[in-house]
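Reader: Please take me through this model. I want each label set against its cut-off.

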Amino acid sequence: MIAAMLVVPACGSDTASEAPASPVVASALYSVPDNTDYNYRWSADPGIDLLSPEVTVIRAYMESYYLTVRALTPAAGYPGFSEAVDERLLTDYGNPDQLEKRHFVGTQYQHLLWMTPTEHGWFATVCSGDYSVMREAPDGQFFNVGSTNITAETVEITAPDSSPISQSSEGPERAPVADVFGDWKVVDHVYSARNQAAFLECRNRMPDEASHRPAKWNLPHDTPYPTLAPYPGWPRYDEN
């Protein structure tokens, strides 16, 4: 697979809107870790609003989850991540001394396949395509993190007791500066969905056909796959 084969997802606009947001709590200290220079691009099945409060929480959790795993620290999660996530879901992040060997570029594709209401919140099935995320080695070569296989994951969240505050959740930024979790809680995350039909559905939800994805993971390349703009991205706090 070569970089020219990658295409922009069909859903939504090619560039993120710069609509103003109304975050409640902002953290001027948060920034995406230096070793994670890749972006997320989201799409969704018809009827799923990427900007709804519940999907905003799913987006923030999934993006934070992969950032914490690749940066080897829970501090890499977005503002409010540690408070919103059940502590049993926080992983063993490994040895921080290995960070010098872990620099990531490219684009990660996420697709909201199903959103199912529960008694206390929502149950989401998410397709994760990391085939165009690249790990940069010390010798300057790039190795793809994923392959043709697309992961189907499930996330369960519980809603606040009161109606969530409406705020914009799209924009040109890579990450939110505000706490977009609020009083929502992430109570379960299964990396490999128990519903095997989800894997079959996820295979066809990526912007690149299977034949245009690497057949094996960790293949060497001289140049990385492109890092596309985040979509729908996150708002600029200073525009509120």
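Author: Strand E1 (residues 36–44) and strand E2 (residues 103–117) pair in the parallel sense over 9 bridges. This is a predicted model: local features need pLDDT of at least 70, side-chain atom pairs count only at pLDDT 80 or more, and totals for chains, interfaces and linings use all residues. Residues are numbered from 1 along each chain as its sequence is written, and side-chain values use heavy atoms, without hydrogens and water.

Reader: What makes E1 and E2 a pair?

Author: Two strands (DSSP runs of E, at least two residues) pair if DSSP finds at least two bridges between them. E1 and E2 have 9 bridges. One joins Arg41 to Tyr109 in E2.

Reader: Why is Asp45 called buried?

Author: Buried means under 20% relative accessible area, exposed over 50%, partly exposed in between (1.4 Å probe, protein chains only). Asp45 has 15%, so Asp45 counts as buried.

Reader: Why is Arg205 called partly exposed?

Author: Arg205 has a relative accessible area of 22%, so the label is partly exposed.

Reader: What makes Asp45 and Arg205 a salt bridge?

Author: The term needs a side-chain nitrogen of Lys or Arg within 4 Å of a carboxyl oxygen of Asp or Glu. The closest N and O atoms of Asp45 and Arg205 are 2.9 Å apart. The two residues are 160 residues apart in the chain.

Reader: How do you know that Arg88 and Asp188 form a salt bridge?

Author: Their closest N and O atoms are 3.8 Å apart. Arg88 lies in the loop between H2 and E2 and Asp188 in strand E7, so the pair ties together parts 100 residues apart in sequence.

Note on methods: Helices (H or I, at least four residues) and strands (E, at least two) are DSSP runs, numbered from the N terminus.
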